[in-house]
Amino acid sequence: MNYNWDWGILFRDPYLGWIIQGLGWTLAISLLAWIIAFSLGSALGVFRTASSPVLRAFATTYVEIFRNIPLLVQLFLWYFVFPELLPDDWSRWVKRDMPFPALTTAVVAIGLYTASRVCEQVRSGIEAVGPGQRQAGRAIGMSEVQVYRYILLPNAYRIIIPPLTSEFLTIFKQSSLALTIGVVELTAMTRQIEEYTFQGFEAFTAATIVYSLVTFTVMAVMRQVDRRTALPGTFSKGAA
Amino acid sequence: DAGDSPTLQRIQERGVVSIGHRETSIPFSYIGENNEAVGYSIDLCLKIVEAIEEQLGGDKLEVRYVPVTGQTRIPLIANGTIDMECGSTTNNLTRQLQVEYLPTTFITGTKIASKVSSGITELEDMEGKIIGLAAGTTNEKAIKAAIESKGLDIKIVPVKDHSQGWLALETDRIDAYGSDDVLLYGLISKASDPSAYHVTGRYLSFDPYALMVQRNDSTFERLGRVTMAGLMRSGEMAEIYAKWFEPGPTKINMPLSDTLRTAFEIQALPE
Amino acid sequence: MFDLDFSVIPANSSLLWEGMKMTFLLTGLAIVGGIVLGTFLALLRIAKVPVLAQIAAAYVNFFRSLPLILVIFWLFFLVPLILGRPVGAFSSVLVAFIMFEAAYYSEIIRAGINSVRPGQMAAARAIGLTYGQSMRYIVLPQAFRAMTPILLTQAIILFQDTSLVYVVGLRDFLVSAEIVANRDQKLVEMFLFVAVVYFAFCFTASMGVRFLQKRLAT
Amino acid sequence: MIEMKSVNKWYGKNFQVLKDCSLSVAKGEVIVVCGPSGSGKSTLIKTVNGLEPINSGEITVAGTSITAKSTNLDRMRSKIGMVFQNFELFPHMNVTDNIKLGQTKVLGRSPAEAETKALALLDRVGLAEQAHKYPSQLSGGQQQRVAIARGLAMEPMAMLFDEPTSALDPEMINEVLDVMVGLAKDGMTMMVVTHEMGFARKVADRVVFMDHGEIVEDATSQDFFGSPRSERAQEFLSKILNH
Amino acid sequence: MIEMKSVNKWYGKNFQVLKDCSLSVAKGEVIVVCGPSGSGKSTLIKTVNGLEPINSGEITVAGTSITAKSTNLDRMRSKIGMVFQNFELFPHMNVTDNIKLGQTKVLGRSPAEAETKALALLDRVGLAEQAHKYPSQLSGGQQQRVAIARGLAMEPMAMLFDEPTSALDPEMINEVLDVMVGLAKDGMTMMVVTHEMGFARKVADRVVFMDHGEIVEDATSQDFFGSPRSERAQEFLSKILNH
Ligand SMILES: Nc1ncnc2c1ncn2[C@@H]1O[C@H](COP(=O)(O)OP(=O)(O)OP(=O)(O)O)[C@@H](O)[C@H]1O
Ligand SMILES: Nc1ncnc2c1ncn2[C@@H]1O[C@H](COP(=O)(O)OP(=O)(O)OP(=O)(O)O)[C@@H](O)[C@H]1O
Ligand SMILES: [Mg+2]
Ligand SMILES: [Mg+2]
């Protein structure tokens with residue numbers, strides 16, 4: 001192979017700084033999007049199992065729409081098409097004046113997309129807790145909300161820690177799609193390094209290592225969480 | 001015969017020349033109406049293919065088109081998947097650590113495009129405004145440097161590629177888009193109302209385009225140089241240029257500039 | 001607002017159709033290959049074959065830690081170097097998809113096998129079936145039945161993910177649409193079109209999943 | 001105390017689980033409901049506290065209609081204890097917290113008061129020492145006794161039991177039945193779905209026999225186990241008493 | 001027929017499930033194993049056909065060692081029938097195919113031959129009409145009878161039963177016990193873990209009582225239900241017979 005290796009490039013100014021900065025953006029997108037995905041997804045998961053047919057239909061429709069269109073396409077639509085549907089003032093604000101337009105759009109789009117998947121996990125968790133628990137809660141006079149709050153959700157979350165971890169890691173990995181609307185996160189940074197220096201292999205190696213390191217760290221942390229939250233006398237499932 | 005050239009040996013062995021092409025570098029290298037790679041750079045590369053056929057004894061060679069992207073062009077040259085890259089790649093010294101460039105085939109430079117109504121003509125008019133730049137391009141580097149050296153207050157919005165940059169300009173997300181002037185003319189020609197946009201200002205950088213071949217293969221590189229010099233000497237180069245730019249099938253209208261004419265003359269080395 | 005001009009779609013239908021065929025071909029082959037390799041990995045882990053089980057676990061964790069796009073990228077450049085000859089973008093991408101998806105499928109299948117009550121294995125062994133026969137005739141058929149909905153969901157994800165092949169210059173549906181979009185400056189039209197097409201396919205598939213789920217529940 | 005009048009319930013369009021069931025349980029009475037599997041016993045008992053809605057008929061508990069729209073069902077349920085076949089203790093809380101939850105969240109008692117009550121009840125069901133264990137650390141019989149304590153903590157007017165011993169190992173059945181016998185002796189109104197005919201003989205005032213969603217027989221315990229009774233009940237009894 | 005000598009088994013390092021268990025079952029004998037939950041009954045019976053490996057001791061069936069490395073365990077298992085608490089029919093096959101599977105894959109019988117045998121056995125357990133149903137379409141009692149037929153199809157030298165009736169609704173227990181009584185009468189060697197003392201009284205030649213992994217008592221059925229026996233067995237019997 002006819003290639004001029006130069007691993008030093010990764011540690012040279014400004015490229016090392018770029019990688020760190022890129023990782024920073026990647027983590028920022030992932031965490032912020034996760035907050036949206038987790039809270040909205042949990043609410044939707046509750047709706048999907050609730051007794052009200054209206055709430056169930058709403059959540060089902062949401063899930064079907066958001067998970068059946070590729071994220072890449074959704075990002076584009078949110079960034080370029082959505083603002084044009086707004087009144088002029090709002091449109092201008094969304095496009096220019098709101099803080100970090102691209103980043104914000106990416107966070108919202110990834111968050112909304114992942115919420116549909118979190119919803120399905122939460123739903124399966126609640127279903128795994130079983131109808132008996134719901135009835136037992138209702139039987140002592142708790143309202144539906146109380147039953148979710150004190151019984152179904154605490155148990156469901158314990159059950160779905162491993163798949164939720166996977167969902168978080170999916171967000172982390174998919175945050176790279178934000179580069180398609182101009183957010184210069186980790187993957188975009190490594191591409192930029194490659195465009196500037198033509199040292200593509202080094203740049204991609206760096207990205208690969210950083211992604212794996214973060215993933216393995218998250219997996220290890222979540223395995224601890226899973227172990228800590230496991231109930232006495234039961235087995236934890238081992239995260240992710 | 002193939003001599004000591006690894007590239008030529010590879011081509012001879014398989015009877016195939018692999019040409020790396022871009023998909024949307026109009027009019028240099030792009031997917032044409034019939035879904036095949038066409039363009040100015042492709043035509044030039046086909047001339048080199050003819051020269052290779054002659055060198056290897058006259059048998060017809062199969063041409064295989066391999067699409068490349070900004071990320072894959074270097075690795076694919078390096079590992080021998082493609083024999084030459086026929087796109088719109090700027091020749092610079094850093095990149096020469098990885099590949100060899102054939103003579104310059106086009107000269108462009110960084111300019112900005114904006115809506116005529118905006119009143120912007122130079123970068124200096126953009127105080128407090130927003131400019132879009134394709135991430136990782138040499139234009140980005142040049143404009144950032146200009147902004148910094150003049151101490152201008154201009155916000156930069158990175159975009160993924162030229163068409164998204166253009167869409168951002170059309171939807172008023174940005175006030176101007178900076179890129180190679182030739183690409184800007186191409187983008188305007190496709191706009192819904194071309195008269196609403198213009199390319200203005202001075203060159204903020206010079207970007208010579210050239211075809212790329214593998215390093216450490218001086219025999220093959222020389223074959224490429226000889227072919228290109230021949231085209232320039234015979235005037236065929238100007239004809240091919242005219243086919244694509246004066247105006248070309250993509251409606252771009254850019255008559256051969258004096259600078260480029262001079263460049264062709266200088267590079268038309270004698271036998 | 002935009003003046004939308006959807007005439008680009010029929011004008012480029014052949015390119016888009018070629019892309020769609022690529023999407024389906026890749027998805028189909030990757031599912032089959034991924035399930036075969038994934039089942040194999042899952043069995044190594046379930047059977048606790050010493051060393052091999054650990055290698056399988058490491059494989060799964062490694063591939064699950066990487067973005068698919070990097071896996072595609074690496075295999076595209078490394079496979080020719082390892083084999084010493086170019087293999088073509090399609091083959092390398094297919095290998096990448098199979099290796100990557102196998103990691104996910106193996107986790108799904110492992111969960112499926114674990115969801116079959118241990119008593120089933122005991123009952124199969126008790127009538128004298130060997131371990132292999134018990135897996136083949138009793139445990140795996142039930143595991144696959146239990147996992148069909150999740151396997152299909154994963155297939156839908158894979159279907160959407162094929163667009164990542166743009167990094168190696170292959171043209172699936174989404175990549176073709178982007179080529180058209182860029183060439184003719186019709187981004188909005190093409191992305192709306194893509195959204196509708198993907199939604200139609202994926203929604204139909206997920207209805208199918210739900211139908212299957214109901215059928216299998218009885 | 002509990003009145004059911006012509007209760008009908010369908011699952012879907014074609015399957016009627018409860019057919020014109022009428023039943024009344026006086027204060028302090030103990031009623032045993034028995035019948036073949038799938039005959040609708042669980043469904044019947046769950047309609048009493050509104051866990052299963054009905055299609056027609058009327059149910060009142062202590063004079064309050066369960067079926068009227070205006071009734072605050074949550075409030076009513078808190079006054080009717082219920083014990084399930086599979087215990088359904090909340091697995092993420094220890095035994096004391098299981099018993100405290102309804103008291104604090106539904107009755108609004110202070111945690112301290114709820115704790116005192118919980119410990120007293122645990123003592124009553126013989127589990128004072130297990131107060132800090134989690135459900136999964138207890139045997140089935142112990143779990144079911146905690147479930148009874150959880151129901152009692154709400155100071156219910158009546159208790160419903162749905163096959164409280166059928167998920168238990170044989171050696172543990174008696175420890176649960178003993179607690180239930182104690183409750184009956186203390187005058188609790190109870191409606192018990194069970195196949196434990198020894199228990200029925202000992203404490204039931206009346207036995208209700210169901211088959212295919214109908215109440216086929218509703219007799220005093222003596223009459224039921226004595227001679228004259230429907231053929232279906234006879235056949236059923238012969239099956240479960242024979243071995 | 002079945003010989004166990006000083007069988008010891010540990011789970012992990014600290015927990016010994018089987019403590020020096022010795023037992024022998026003669027040809028044609030019926031042995032009932034009982035004891036409290038967790039005492040090791042299931043484990044003991046599963047060691048007989050090698051489903052649970054043991055740490056020390058020796059087990060032979062019809063003269064062949066189960067514990068020797070040279071034994072073809074799969075072959076041996078096919079000669080020992082086993083019936084589980086939860087039936088464990090294969091849910092993805094219909095009743096006939098459940099019974100045919102072992103015959104065709106293990107004994108190498110032709111499908112036609114296996115089918116004939118399957119139908120004959122279904123007739124014997126009173127289920128000739130259910131041949132083409134799937135397990136989930138049958139009641140628990142019917143499923144367990146199919147499971148017995150599946151075991152018999154291999155023409156075993158002995159049958160092992162692990163609580164065959166404890167997952168059944170009370171009305172279905174007898175239909176299964178009746179089949180088992182029939183088997184015993186036909187001279188089948190049987191080892192049965194059960195709490196059905198009526199069955200034990202009627203057909204068991206001997207009763208083995210286990211507690212904490214030990215065989216505490218091994219007596220003829222008369223002796224076991226008669227007067228002299230260990231305190232632990234007495235206490236256990238009083239618990240399960242009392243109600
Ligand atoms: N949610 C439901 N949807 C449809 N059918 C149901 C539902 N719940 C119960 N059934 C059916 O209603 C009938 C009565 O059920 P129920 O649980 O009340 O019976 P049961 O007498 O308690 O039986 P068991 O002794 O097995 O507990 C059964 O045939 C059952 O299959
Ligand atoms: N795989 C295992 N690992 C660790 N401990 C186990 C395992 N299987 C069973 N045990 C423990 O071994 C003991 C004996 O189990 P076994 O199932 O033989 O009891 P049993 O007498 O059949 O009880 P039951 O009447 O509840 O079926 C129990 O304490 C059980 O928790
Ligand atoms: Mg019931
Ligand atoms: Mg057991």
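Is E:Q130 buried or exposed? A few notes on that and on the ligand sites follow.

1. Ground rules. This is a predicted model, where local features need pLDDT of at least 70 and side-chain atom pairs count only at pLDDT 80 or more, while totals for chains, interfaces and linings use all residues. Residues are numbered from 1 along each chain as its sequence is written, chains are lettered from A and ligands numbered from 1 in the order in which they are written, and side-chain values use heavy atoms, with hydrogens and water left out.

2. E:Q130. The residue is buried, at a relative accessible area of 15% (buried means under 20%, exposed over 50%, partly exposed in between, using a 1.4 Å probe and protein chains only). You'll find E:Q130 in the loop between α4 (111-124) and α5 (140-152) of chain E; helices here are DSSP runs of H or I with at least four residues, strands are runs of E with at least two, and both are numbered from the N terminus. Leaving aside residues up to four places away in sequence, E:Q130 touches E:V95, E:L138 and E:Q142, where contact means heavy atoms within 4.5 Å.

3. Ligand 2, the shell. Around ligand 2 sit E:Y11, E:F15, E:V17, E:P36, E:S37, E:G38, E:S39, E:G40, E:K41, E:S42, E:T43 and E:E163 (a residue is near a molecule if one of its heavy atoms lies within 4 Å of it). By class that's four nonpolar, six polar and two charged; Ala, Val, Leu, Ile, Met, Phe, Trp, Tyr, Cys and Pro count as nonpolar, Asp, Glu, Lys and Arg as charged, and the others, Gly among them, as polar. α1(E) gives the largest share, three residues.

4. Ligand 2, polar contacts. These are pairs of N or O atoms within 3.5 Å. The side chain of E:S37 has an N or O atom 2.8 Å from a ligand 2 oxygen. On the backbone side, a polar atom of E:G38 is 2.8 Å from an oxygen of ligand 2, and one of E:S39 is 3.2 Å from an oxygen of ligand 2. Taken alone, ligand 2 exposes 640 Å², and the protein buries 60% of that (Shrake-Rupley areas, 1.4 Å probe). Two or more shell residues each come from β2 (15-25) and α1 (41-48) of chain E.

5. Ligand 1. Over in chain D, the surrounding residues include D:Y11, D:F15, D:K41 and D:E163. An oxygen of ligand 1 has a polar side-chain atom of D:S37 at 2.9 Å. D:K41 also puts a polar side-chain atom 2.8 Å from a ligand 1 oxygen, and a polar backbone atom of D:S39 lies 3.2 Å from an oxygen of ligand 1. Alone, ligand 1 exposes 640 Å², of which the protein buries 59%. The shell splits into four nonpolar, six polar and two charged residues, with α1(D) supplying the largest share, three.

6. C:N12. Moving to chain C, this residue is in the loop between α1 (8-11) and α2 (13-46). C:N12 is buried, with a relative accessible area of 7%. A polar atom of its side chain lies 2.9 Å from the backbone oxygen of C:V8. Not counting residues up to four places away in sequence, C:N12 touches C:V180, C:R183 and C:D184.

7. Annotated spans. The unreviewed UniProt entry has "transmembrane region" annotations on chain C, including 150-170 and 190-212; such annotations may be inferred rather than shown by experiment. In the model, residues 150-170 of chain C are 57% helix and 0% strand, with end C-alpha atoms 28 Å apart. For residues 190-212 of chain C, the figures are 100% helix, 0% strand and 33 Å.

Key: A polar contact is a pair of N or O atoms within 3.5 Å; within protein, one must be able to donate a hydrogen and the other to accept it, and residues adjacent in sequence count only if both atoms are side-chain atoms.
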